[in-house]
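Here is a short briefing for a first look. Have the sequence and the 3D view open as you read.

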Amino acid sequence: MESKDSTTPFNYNIMEIDQPTPAVKMERSYEKETSLALVEADSFANSSDVQSNTAILLKIIELCFNKKDWQALREQLETLSVNHGHLDLAVTEMTKKAIEYIDFTPDIDTKIEYIITLRKITEGKMLVERERAKLTRQLSSIYEEQGKIELASDTIQEDQIETFGSLDKRTKVEFILEQMRLCLLLKDFVRMAIVSKKININYFADDSTVDLKLRYYELMIEHDIHEQNYLQVSRHFHKLFLTKEIKEDESRWPDIMVKMVLFCVLAKYNNEQLEMMHLISKIEELEKLPLVESLLKQFISNKLIVWDEIPSRYEEPLFKKLELFNEGTEAGKVLRESLRERVTEHNIQVISKYYSRINMVRLSQLIGLDMEKSEEKLCSLIVDKSIYARINRPKGIVEFIPIKSVHETLDLWVSDVNNLFDLVEKTTHLIEKENVIHKISRTY
């Protein structure tokens, strides 16, 4: 009995602990109001009421943002943006509001995922083209900061910004310039050339676009130097020189002028290069740079240039001041070698104007190269049709006078005969005139 009594309180305590805690009694039930609110919200969401739709969408993403649930926020944005029951204007306002939350993302990975989601829901939507362009540039900048240059370039190349009708020209040009810059960072010069053609240079005629103009030509100069298109480089510097802000700045235009002349000289000889040299020679400011002017005049004149005099005369005052001609860099070596080739080409051009035929040994002496290199350079000019020449290798003779065809010879002979007949007729007429005058004088 004693044992039975002692266990009774213990069992009672267990039963008391296992008993569930009674629920808090609610003052009233809101089930009816909630059901009505859901029905009303659903009717608003499927109606044409822009304000109601907008308010609902904004509230949904605001609740997700306040909870800092970024995954739920991204999911809701994707779901709501593809729901055809919502109006475009409401989705647009939701997207613009969601973009404001980018700066509040907790870490860089969340920020990247969030921006990717925003770019996904703005794809193909004309009402948010401006926002999409900003998101693309922002994401590309993040990738570039992380050292993912290729990914940054691929991201910004995805958008064909020139097709965005709601953007102004300046925004489009800035976007394209960024595409060009990343192409150069990747050494993707083919794509760079394609993208650069999207910009119409006539846009830079407006004074308000000077900053964009300078950036554009700086990128094009870097591209064309790599492609060894030196005539285009000279033209780019000429465009920069004609810019009012540079032309009036005494500290900037001399450097532009020097590079403009040098790259024009480095360009391969043709009619366009010759025309550019004459154009530069007429610029008044060139007289203030006598050293550069003398270099240009050597290539314009029909006189031989002694290569050994070029480095001794221009190395210290000119070449060493330009980083482009630094012998320690690969680009500098290429430019110096190109200058040497241009001097040789100029000398051969001059020789072809003064000689109808010349011995190969004498030609090598005049241009300062050995026989093998002289023949090689001469052949390259013949192939490029820069000059006409025929080489008689057994005799070692070079002929610069082109051999006339049968038709050309016949035409020349006919022309000479016609000129002869004209002279005979004119002479006969003059003799007859003198006879008549003589007879008249005798009569009186």
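Does Leu127 count as buried, partly exposed or exposed? Leu127 counts as partly exposed, because its relative accessibility is 44%. (Buried means under 20% relative accessible area, exposed over 50%, and partly exposed in between, with a 1.4 Å probe and protein chains only.)

This is a predicted model, where local features need pLDDT of at least 70, side-chain atom pairs count only at pLDDT 80 or more, and totals for chains, interfaces and linings use all residues. Residues are numbered from 1 along each chain as its sequence is written, and side-chain values use heavy atoms, with hydrogens and water left out.

**Surface patch**

- Leu127 sits in the loop between helix H6 (108-122) and H7. (Helices, H or I of at least four residues, and strands, E of at least two, are DSSP runs numbered from the N terminus.)
- With Val50 and Leu89, Leu127 forms a nonpolar patch on the surface. Together they have about 240 Å² of accessible area.
- Patches are made of residues with over 30% relative accessible area and no salt bridge; like charges are joined within 9 Å, nonpolar side chains (Val, Leu, Ile, Met, Phe, Trp, Tyr) within 5 Å.
- Accessible areas come from the Shrake-Rupley method with a 1.4 Å probe; for residues, only the protein chains shown count as cover.

**Helix H9**

- Helix H9 (residues 169-185) has 17 residues. From its first C-alpha to its last, H9 reaches 25 Å, close to the 24 Å expected at 1.5 Å a residue. (The expected span is 1.5 Å times one less than the number of residues.)
- The buried residues of H9 include Val173, Phe175, Ile176, Leu177, Met180 and Leu184.
- At the start of H9, a side-chain oxygen of Asp168 comes within 3.3 Å of the backbone nitrogen of Arg170.
- Lys187 follows H9 and has a positive phi, near 60°.

**Salt bridges**

- The whole structure holds 24 salt bridges. (Each is a side-chain nitrogen of Lys or Arg within 4 Å of a carboxyl oxygen of Asp or Glu.)
- Arg130 and Asp168 form one of them, at 3.3 Å, N to O. Arg130 lies in helix H7 and Asp168 in the loop between H8 and H9, so the pair ties together parts 38 residues apart in sequence.
- Arg130 is partly exposed, with a relative accessible area of 33%. Asp168 is also partly exposed, at 33%.
- Arg191 pairs with Asp188, with the closest N and O atoms 4.0 Å apart.
- Lys377 and Glu345 meet at 3.1 Å, N to O. This pair links distant parts of the chain: Lys377 is in helix H20 (residues 371-383), Glu345 in helix H18 (residues 330-354), 32 residues apart.
- Lys377 is buried, at 14%. Glu345 is buried, at 1%.
- A network of salt bridges links Lys268, Glu341, Arg342, Glu345, Lys377 and Asp384.

**His236**

- His236 lies in helix H12 (residues 230-242). His236 counts as buried because its relative accessibility is 7%.
- Leaving out residues up to four places away in sequence, His236 touches Tyr217, Met220, Ile221 and Asp224. (Contact means heavy atoms within 4.5 Å.)

How values were computed. Polar contact = N/O pair within 3.5 Å; in protein donor to acceptor, adjacent residues only side chain to side chain.
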